[in-house]
Structure formats: C-alpha cells, structure tokens
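Colleague: I am new to reading protein models, and I would like to go through this one slowly with you. Could we take it one question at a time?

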Amino acid sequence: MTHTPKVVVIGGGTGLPVLLRGLKRHPIDISAIVTVADDGGSSGRLRDSLDIPPPGDIRNVLAALSEVEPLVEQMFQHRFETTNELSGHALGNLIIAALASITGDFVHAIQEMSRVLNVKGKVLPSANQSVILKAEMEDGTIVTGESAIPKAGKKIKRVFLKPDSIKALGETLRAIKEADLIVMGPGSLYTSILPNLLVPGIGEAVCQAEAKKMYICNIMTQAGETLDYSASDHVKALYDHLETPSIDYILVNKKQVPKEVQERYNEEQASPVHFDVDKLKSMGLEVIAEEILSYDNHLVRHNTEKVADIIYSYLKESTN
C-alpha cells in the first residue's frame, strides 16, 4: 500500500482556510492546527460567556475542509444580522458551542462536527482551553488580547500566552511528529501563526520534527503587526520566538502588486512585503519565488490552487 503524504498546516485567521480549500483537492492526509487565541466578535463573546475556546477560526477551517452541499456550508457560515443577542453570531459558532456543552469537551465537539460536515482531514485546536495572547511592545508596555494588539499601533517586541498552564493536545503533537511536511502560514504573523507555536510543546515539536518546514510569507505587510517588515524580518520573528532556526523553505510571491491596489492598501499602512532573497539565503533558507497572487473583492490573497500545487510538489519530493 502506498504511503499517503502527511501535511500539517499551522495558522488561523483568513489565510489558513484559503490554503486548505486548495490542498484538499490533493491525495494527502491533512492536519490543520488552528489558533484558539481569538477574542473578538462572536468567538470572543462565546468564549467569555461559555468559558470555551473561541470557535471562529476552527469554524472557518471546518468549512474549508468540508465536503458537503454548498447550501449546508453556507448555512454553517451564516451570520445573524438582527437587533437582539443573536446579532453577529455565526451559526457554526453556536453549533460548535452547543456540541462542546453536550459532549463536555471542545475537541470532541470539533471531531463530531467534522463528521457532520464530512471534513477531509483533521482539525486540531492548538490547545483545548482558552488562551490569552499578550504582546510586549518595544516601549515596554504590555497589550492584552489578540484583537487589541494590532490596534495598539506600536512595534511588537514579542508575544506570549497566558495562563502558564496551557497544554498541547497529544494528537496535535503526534501529527507534527508524523508529518512529511509542516507548513506555517499564510496569516497574521503575531496573532495567527505564533499563538500556535507558543503553546508549550508545539514549537519544540515543530523544531524537532524530521519533516521539512515551509513558511508561506504574507504578500502584504500588516499595520500594527509587521509594518515595514521584509520577508527575512518575518522569519527572524519566528526564530526569536522559537529559539531554534527551523525553516527549510520560504514561499514568496514574485508577481507585481498593481499600483492601484497598492494605493488602496497604503490607506491602511500596508505595502507589499520586500523579499530580500540574499538575506533569506544567508539564513539557510531555500527561496521559492512564484506568481502566487490573486484578488478577492480587490483584496490581495494567495492563489489557493497555485500554492496548494507547490506544497503538493514539495510534499511528494519529501516522501520519495
């Protein structure tokens, strides 16, 4: 029997579901490790009122990997727009919260929801409890909360998690150990990717894993997080938090961002990430530069099919 290549994808936010929609087309075993540091919107409200990890990022990943009728996925992703307490809640968040209450366990709720949605692969929260993301800024101030960090408008020195008692799931650590390729990103560096790697045991497991590691660099910088960051600055931030150089490949976009798109992003203090290829190579990285840019409602996104094809080709290479 031939070995089905195993890929672990680590992230959250909007970047991870985009990538997973492309990856699920390939004959691979996917494990998505998803951040539970979100504290805004519907997720934050459910987290605070029910004392469960925030379900929003998990919901988006479940939807991306689901193989159900489009109407079922649309219903799962439906967000109520009313004037009462339902307003702003996504139906999928409420269902996950209900399942967590019925089963008594957030991870078990995700497993049950995966069956209902015929999910291709495994969806694993980075922890089975709520975590609080904090950031120490360059000026020494501490900002609390994933949604508050980018709004602080200061340069981030480091991010860290509370409480100190957070534990990684055994299944998550096992998936990392058994992976043929580990992919980090795309997504917000400090608020989507690092909150996973900072869960005790996960960062160490990634560094020690025999699998090759690929970082998918963001196409645009992000105000309040990576203002003026080059590609190597993104990698350096990962290394500073992990304390071990652990990335083999970096995937960067070489397609020009049109001027009119850049101008619109300038309004939110975002600009195309500068890919300092020589610096990246001097850090021991193999640079994969491809035209992986696409637009979704005038927003810059990674081209899900192209990025998935690149990952799959490197996955096959690593398992041959």
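Modeller: Before we speak of volumes, a pocket here is an open set of grid points with protein on both sides within 12 Å along at least five of seven lines, and its volume is the space filled by probe spheres set on those points. Please also keep in mind that this is a predicted model.

Colleague: With that definition in hand, how much space lies in the second largest pocket, and which element gives the largest share of its lining?

Modeller: The second largest pocket holds about 330 Å³ of space, and 19 residues line it, with Leu 197, Leu 198, Glu 204, His 241 and Glu 243 nearest its centre. Strand S6 (156-162), helix H9 (202-208) and helix H10 (231-242) each supply at least two residues of that lining. The largest share, 4 residues, comes from S6.

Colleague: Which class of residue, nonpolar, polar or charged, has what count in the lining of that second largest pocket?

Modeller: Sorted by class, the lining of the second largest pocket has 3 polar residues and 5 charged ones. The remaining class is the nonpolar one, with a count of 11.

Colleague: Turning to the largest pocket, how much space lies in it, and which residues are closest to its centre?

Modeller: The space in the largest pocket comes to about 710 Å³. Its lining is made of 30 residues, and those closest to the centre are Thr 14, Gly 187, Ser 188, Gln 222 and Arg 301.

Colleague: Which element gives the most to the lining of the largest pocket?

Modeller: Three elements each supply at least two residues of this lining, namely helix H1 (15-23), helix H8 (189-197) and strand S12 (299-302). By class, the lining residues of the largest pocket divide into 10 nonpolar, 14 polar and 6 charged. The element that gives the most, with 4 residues, is S12.

Colleague: How many cavities of 30 Å³ or more are there, and which elements give two or more residues to the lining of the largest cavity?

Modeller: The count comes to 1 cavity of 30 Å³ or more, and about 30 Å³ of space lies in the largest cavity. The residues that line the largest cavity are Val 18, Leu 19, Pro 186, Ile 216, His 302, Asn 303, Thr 304 and Val 307. The elements that give two or more residues to this lining are H1 and helix H13 (304-319).

Colleague: Where is Pro 163, and what is the omega of the peptide bond from Lys 162 to Pro 163?

Modeller: Pro 163 has its place in the loop between S6 and helix H7 (170-178). The peptide bond from Lys 162 to Pro 163 is cis, with omega near 0°.

Colleague: Is Asp 228 buried or exposed?

Modeller: Asp 228 lies in the loop between strand S8 (212-216) and H10, and although Asp 228 is not a glycine, its phi is positive, at about 65°. A residue counts as exposed over 50% relative accessible area. Because the relative accessibility of Asp 228 is 63%, Asp 228 counts as exposed.

Colleague: Which elements do the buried residues of helix H2 pack against?

Modeller: In helix H2 (residues 41-50), the buried residues are Ser 42, Ser 43, Gly 44, Leu 46 and Arg 47. Just after H2, Asp 51 takes a positive phi of about 55°. The buried residues of H2 pack against helix H3 (56-65), helix H5 (91-103) and strand S4 (132-137).

Colleague: Finally, how does the radius of gyration of the chain stand beside the globule rule, and what is its value?

Modeller: The chain has 13 helices and 12 strands. For 320 residues the globule rule gives 20 Å, and the chain comes close to that value, so the chain is as compact as a globular protein of that length. The radius of gyration is 19 Å.

Notes. Residues numbered from 1 in each chain as written. Predicted model: local features only at pLDDT ≥ 70, side-chain atom pairs only at ≥ 80, totals over all residues. Heavy atoms only, no water. 1 Å grid on protein atoms, 1.4 Å probe; cavity = no way out; pocket = protein on both sides within 12 Å on 5 of 7 lines; lining within 4 Å. Nonpolar A, V, L, I, M, F, W, Y, C, P; charged D, E, K, R; others polar. Rg over C-alpha atoms; globule rule 2.2 N^0.38 Å. Buried < 20%, exposed > 50% of the residue type's maximum accessible area, 1.4 Å probe, protein only. Contact = heavy atoms within 4.5 Å.
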